[in-house]
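User: Hi! Could you walk me through this one while I have it open?

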Amino acid sequence: MKMKMLLFLLLLGIVGPHCTSARTHSLKYFYTASSGVPNFPEFVVVGLVDEVEMMHYDSNTKRAEPKQDWMSNITAKIPQYWERETQNLMGKQQIYKNNIEIVKQRLNQTGG
Ligand SMILES: *[C@@H]1O[C@H](CO)[C@@H](O)[C@H](O)[C@H]1NC(C)=O
Ligand SMILES: *[C@@H]1O[C@H](CO)[C@@H](O)[C@H](O)[C@H]1NC(C)=O
């Protein structure tokens with residue numbers, strides 16, 4: 001959470017000089033967990049800034065990665081940023097996987 005805020009402040013710092021205070025920006029993270037969906041990872045995370053995908057993680061690659069050059073450039077100044085994000089999201093993946101199993105049990109869902 002602290003890293004997210006730091007990154008957000010960094011993004012504001014980068015964007016700030018070009019467009020003064022009035023403009024609103026958005027930072028969104030989507031976590032998607034699923035089970036048994038063909039050709040779709042069980043756990044996917046995307047991070048968006050102003051609706052543009054700037055980071056991605058999924059349970060196939062098991063790696064958090066930048067999706068924009070500017071994101072690579074910003075995070076290049078933060079040592080171990082992607083390593084930490086990867087570790088964090090691997091932990092989240094396990095939690096979401098457990099939650100899916102609990103939901104399946106409660107709904108007597110034997111398939112995906
Ligand atoms: C990212 O950094 C590279 C190397 O310094 C630079 O050439 C490029 O313009 C930068 N890209 C963005 C989008 O800031
Ligand atoms: C799941 O199965 C159990 C045992 O057959 C039953 O008691 C329960 O009502 C079922 N739950 C749902 C949500 O269908």
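Analyst: Happy to; we can go through the sheet, the core, the salt bridges and a couple of loop residues. Keep in mind that this is a predicted model.

User: Great. What order do the strands take in the sheet, and is the pairing parallel or antiparallel?

Analyst: The order is β1-β2-β3-β4, in an open sheet of 4 strands with antiparallel pairing. β1 and β4 stand at the edges with a single partner strand each, so one side of each has no neighbour in the sheet.

User: OK, on to the core. Which residues make up the largest nonpolar one?

Analyst: There are 12 of them: Phe 43, Val 45, Val 49, Met 54, Met 55, Tyr 57, Ala 64, Met 71, Ile 78, Tyr 81, Trp 82 and Leu 89. β2, β3 and α3 (81-106) each supply at least two residues of this core. As a general point, nonpolar side chains in soluble globular proteins tend to be buried together.

User: What does Leu 89 touch?

Analyst: Leaving out residues up to four places away in sequence, Leu 89 touches Tyr 31, Phe 43, Val 45, Met 55, Tyr 57 and Ala 64.

User: I was also looking at Ile 95. Where is that?

Analyst: Ile 95 is in helix α3. With a relative accessible area of 47%, Ile 95 is partly exposed. The C-alpha atoms of Ile 95 and Ala 33 are separated by 9.9 Å, although the two residues are 62 apart along the chain.

User: Switching to charges: how many salt bridges does a search find?

Analyst: A search of the whole structure gives 4. One of them joins the side chains of Glu 51 and Lys 28, at 2.8 Å from N to O. That pair links distant parts of the chain, 23 residues apart, with Glu 51 in the loop between β2 and β3 and Lys 28 in strand β1. Lys 28 is partly exposed, at 33% relative accessible area.

User: What does Glu 42 pair with?

Analyst: The side chain of Glu 42 meets that of Lys 97 in a salt bridge, 2.9 Å from N to O. Here too distant parts of the chain are linked: Glu 42 sits in the loop between β1 and β2, Lys 97 sits in helix α3, and 55 residues separate them. Glu 42 has a relative accessible area of 37% and counts as partly exposed, and Lys 97 is partly exposed as well, at 35%.

User: And what about Glu 101 and Lys 104, how far apart are their closest N and O atoms?

Analyst: Those atoms are 3.5 Å apart, and the two residues form a salt bridge. Both lie in helix α3, 3 residues apart, which is about one turn of the helix.

User: Is Lys 104 buried or exposed?

Analyst: Lys 104 is buried, because its relative accessible area is 16% and the cut-off for buried is under 20%. Glu 101 counts as partly exposed, at 35%.

User: Last topic, backbone. What's the phi of Asn 39?

Analyst: Phi of Asn 39 is near 55 degrees, a positive value in a residue other than glycine. Most residues other than glycine have a negative phi. Asn 39 lies in the loop between β1 (27-33) and β2 (43-49) and counts as exposed at 84% relative accessibility.

User: And Lys 62, where is that?

Analyst: Lys 62 is in the loop between β3 (52-58) and β4 (65-66). Its phi is positive, near 55 degrees, and Lys 62 is partly exposed, with 39% relative accessible area.

Technical notes: Residues numbered from 1 in each chain as written. Chains lettered and ligands numbered in written order. Predicted model: local features only at pLDDT ≥ 70, side-chain atom pairs only at ≥ 80, totals over all residues. Heavy atoms only, no water. Buried < 20%, exposed > 50% of the residue type's maximum accessible area, 1.4 Å probe, protein only. Core = buried A, V, L, I, M, F, W, Y, C linked by side-chain atoms within 4.5 Å. Contact = heavy atoms within 4.5 Å. Pairing = 2+ DSSP bridges.
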